[in-house]
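Open the model in your viewer and keep the sequence panel beside it. The tour moves from one selection to the next.

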Amino acid sequence: MKPNPISVVTFDLDDTLWAVRPVLLKAEYIVFDWLEEFAPKLTDRFTAKSFMKWRWDIYANYPELAHQISQLRTITVQLALEESGYSTAEAKTLADQAFEIFIEARHQVLPFETAIPMLETLKQHYRLGVLTNGNADIFRLALGQYFEFSFTAEQLNASKPLPEPFLAAQAHAAVNASEIIHIGDSLEHDVIGALDAGLHAIWFNPDDKEISADVTAKYHVNFYQVQCLSDIPAVIDTINKSRLHSRVTSP
């Protein structure tokens with residue numbers, strides 16, 4: 001079968017289009033400041049750091065919510081509030097309000113300097129989508145104007161590298177998997193997940209991390225990496241020229 005060119009480009013979000021750690025830490029402290037005012041019994045018991053650690057320890061008790069990070073966060077905050085002396089009704093109301101504070105702050109992202117020019121270039125030639133394990137909604141951001149669709153782990157109840165996100169992109173775009181290229185910072189979740197699902201992949205690897213020999217041996221086909229987002233359009237163009245040549249020369 002002669003290969004069709006890539007026509008759809010999907011992106012991870014956190015640490016691919018922006019740095020997420022400083023955003024999440026700031027959001028945590030904003031929520032804790034809010035709790036100091038509205039739930040002082042909790043902040044009498046915890047510091048901001050110990051509250052984060054307590055929740056992370058509790059997460060392991062809810063494996064069924066592994067792909068539902070927003071719900072998991074709200075539940076663990078509610079549990080902490082109840083253990084701090086609030087009634088179940090009070091704790092649920094406060095936890096829901098705290099999540100709204102968090103999710104607003106969580107969207108105060110700063111795109112990498114090269115992200116917008118790169119997206120503007122790609123938008124002229126490709127359909128763009130988002131596949132994220134996080135709970136950022138691209139359509140709450142100015143960057144949303146560049147994207148046609150978005151699938152989150154919460155929507156699908158499945159996180160990369162499971163195949164469901166990649167299959168969802170394929171079904172939405174109504175193209176073959178080989179006509180999609182996925183880009184992300186995680187070698188395991190983004191690159192290997194995409195390749196196992198039959199997509200192409202580009203590893204955004206700004207720190208020039210090494211790839212193990214076994215990964216290189218298994219995934220050398222359709223495997224690409226860049227250290228700067230601005231290199232992505234040229235890489236995709238090269239792939240498509242190669243595929244066009246294959247179509248021309250195939251019997």
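Is glutamate 104 buried, partly exposed or exposed, and what is its relative accessible area? Select glutamate 104 and show its surface: the residue is partly exposed, with a relative accessible area of 43%. Keep in mind throughout that this is a predicted model.

**Stop 1: the partner of glutamate 104**

Because glutamate 104 belongs to helix α5 while arginine 140 sits in the loop between β2 and β3 (149–152), the pair ties together parts 36 residues apart in sequence. Arginine 140 also counts as partly exposed, at 42% relative accessibility.

**Stop 2: along helix α5**

Stay on helix α5, residues 88–106, and select lysine 92 and aspartate 96, which are four residues apart, about one turn of the helix. Their side chains meet in a salt bridge of 2.9 Å, N to O. Lysine 92 has a relative accessible area of 44% and is partly exposed. Aspartate 96 is partly exposed as well, with a value of 31%.

**Stop 3**

Next, select glutamate 28 and arginine 55. Their salt bridge has its closest N and O atoms 2.7 Å apart. This pair links distant parts of the chain, with glutamate 28 in helix α1 (residues 21–38) and arginine 55 in helix α3 (residues 48–59), 27 residues apart. Both glutamate 28 and arginine 55 are buried.

**Stop 4**

Select strand β1, residues 8–11, and display the side chains. Val8 and Thr10 point one way, Val9 and Phe11 point the other way, and all are buried. In a regular strand, side chains alternate between the two faces of the sheet.

**Stop 3: a salt-bridge network**

Finish by selecting Asp12, Lys160 and Asp190, which are linked in a network of salt bridges. To look for others, note that a search of the whole structure finds 11 salt bridges.

How values were computed
Residues are numbered from 1 along each chain as its sequence is written. This is a predicted model: local features need pLDDT of at least 70, side-chain atom pairs count only at pLDDT 80 or more; totals for chains, interfaces and linings use all residues. Side-chain values use heavy atoms; hydrogens and water are left out. Buried means under 20% relative accessible area, exposed over 50%, partly exposed in between (1.4 Å probe, protein chains only). Helices (H or I, at least four residues) and strands (E, at least two) are DSSP runs, numbered from the N terminus. A salt bridge is a side-chain nitrogen of Lys or Arg within 4 Å of a carboxyl oxygen of Asp or Glu.
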